Amino acid sequence: MIQPIFNRTKLIATIGPSSSDKETLLKMIAEGLDVCRLNFSHGEYEQHQKVVEVIKEINRENGLNIATLFDLQGPKIRIGTLTQEFIEIKRGDELFFTTNKQLEHQENYLFITYKNFAKDVASDDKILLDDGKIIMKVVESNGEDLVKAVVLHGDRIYPKKGVNLPNTEISLPCLTEKDLADLDFIVTQYPDCIALSFVRKASDIDELRAILESKNSNSKIIAKIEKPQALENIDEIIAATDAVMIARGDLGVEVPMEELPLTQKAIVKKCLQQAKPVIIATQIMESMVSSPQPTRAEINDAANAVLDGADALMLSGETSVGKFPIHVIRTMQRIIKKVEDSSTIFSKGDVQISKASPTYISDALCKHAARLSEETNAKAIVGMTVSGYTAFQISRHRPKAFIFVFSQEKKILSQISLVWGARGYQYNNYESTDRTMDDVNAMLKNRGLVEKGDLVINTAS
């Protein structure tokens, strides 16, 4: 049986060719992996299904609740194929973007997958390729299928690289035809969480929730913040979603780079106020795709995300295609543990609860359980839950005590794997409050999570 490392800040890893076999996944989980992400920008359904089956098998064999996160591609704009490995461009060069396949491989022409590209862009709009490595400016558009652009900063253009339009209000829907087709498959895998890419407004979340309800899916929705428009509507988006991912790859290209650190901190604080888990993603340990050691800047970045109060940190290429997927998890957990050994991450006393909320009484009880744990130096706060609400509410106050949640709902236990400081365990033997508390405390003691003499605070609905 695996005994995973127990840190409060959770770890999400993207599963790919480097990490999809059972042996590697087992070792990653033993090092502290909490959530497995399946990226639907890549891979076939059969590959994703095999990974899900392995995760379920590991959970079943080890009594774990490792969660699955299915990440929709969304309206990602890309260029097409090239007739060579790459093309080199320099400042002042003129290029043409086209949606006409017949022009795809002509000299100085780039095919673009976004059909309304020529309709949406205007003169002087910026076009960024390959995460901003290449910068162009729109000269003119025919409004149908051709856009002329001039290069402001050149580099090598590789096929199928992403395109960002920071100044353009694109007309693409948040859920594309590919996403809708992917959802038909995804719901058959009973995902714990589904990440919605390029969210711009709260109604994007509402649309996905309606689709999931129509398919009888109770998956949690994670809103990926990647567009300037999302920042303009951030409060409404946080209120509508179940969790938030600060996807710094596209967001860092779409907004001025100097604004990104403060934007990250502001979103984390807003999520704490609304008791919504928040994930920091992209390039946290990017150098470890090929190097066994992170840079000093990456170490500081990861540590600062923990200090900010993030619920989870997410790895992408580092674990999906990188050379050291197990070592990356181990390295991340060492950084997290060192920060969590300090007292600065605990007791977010500025988190307020609203007396106008219909759940005010429950919210107040959770807040005071967290406060009581601080005053008494309690080892753990234990809660019984049907919906997971108790875990989300207690966690938002970031108590030093561990949060142990018991439920008969298996899906809830997996979803709690995303919540800071909380761990979920199965319990079906409800008889009376006193009997239940005795049972769950004994279970924690048997697992070595608490010891005789530890103070434990029990909550019950």
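**Figure 1. The second largest pocket of this predicted model has a volume of about 620 Å³.** Look for Gln73, Lys76, Thr113, Thr176 and Lys178, which lie closest to the centre of the second largest pocket among the 23 residues that line it. Strand E4 (77-78) and helix H4 (177-186) each bring at least two residues to this lining. H4 is the main contributor to the second largest pocket, giving 3 residues. Sorted by class, the lining of the second largest pocket holds 8 nonpolar, 9 polar and 6 charged residues.

**Figure 2. The largest pocket has a volume of about 1,300 Å³.** Here 46 residues make up the lining, and those nearest the centre of the largest pocket are Arg37, Asn39, His42, Ser316 and Gly317. If you want to sort this lining by class, count 13 nonpolar, 19 polar and 14 charged residues around the largest pocket.

**Figure 3. Helices and strands both contribute to the lining of the largest pocket.** H2 gives the most to the lining of the largest pocket, with 5 residues.

**Figure 4. Phe402 and Phe404 form a stacked aromatic pair, one of the 13 aromatic pairs in the structure.** A pair of aromatic rings is described by the distance of the centres and the angle of the planes. For Phe402 and Phe404, the centres are 6.2 Å apart and the planes make an angle of 25 degrees. The pair counts as stacked because its planes are under 30 degrees apart. Are these two residues buried or exposed? Both Phe402 and Phe404 are buried.

**Figure 5. Five residues come together in one aromatic cluster.**

**Figure 6. Lys101 places its charged end over the ring of Phe111.** How far is the charged end of Lys101 from the centre of the Phe111 ring? The distance is 4.5 Å.

Conventions:
Residues are numbered from 1 along each chain as its sequence is written. This is a predicted model: local features need pLDDT of at least 70, side-chain atom pairs count only at pLDDT 80 or more; totals for chains, interfaces and linings use all residues. Side-chain values use heavy atoms; hydrogens and water are left out. Rings of Phe, Tyr and Trp (its six-membered ring) pair if their centres lie within 6.5 Å; planes under 30 degrees apart count as stacked, over 60 as edge-to-face and the rest as tilted. Buried means under 20% relative accessible area, exposed over 50%, partly exposed in between (1.4 Å probe, protein chains only). A charge sits over a ring if NZ of Lys or CZ of Arg is within 6 Å of the ring centre and within 35 degrees of the ring normal. On a 1 Å grid over the protein atoms alone, a cavity is a set of points where a 1.4 Å probe fits but cannot get out, and a pocket is an open set with protein on both sides within 12 Å along at least five of seven lines; lining residues have an atom within 4 Å of a point. Grid points are joined across faces, edges and corners, and a volume is the space filled by probe spheres set on the points. Helices (H or I, at least four residues) and strands (E, at least two) are DSSP runs, numbered from the N terminus. Ala, Val, Leu, Ile, Met, Phe, Trp, Tyr, Cys and Pro count as nonpolar, Asp, Glu, Lys and Arg as charged, and the others, Gly among them, as polar.
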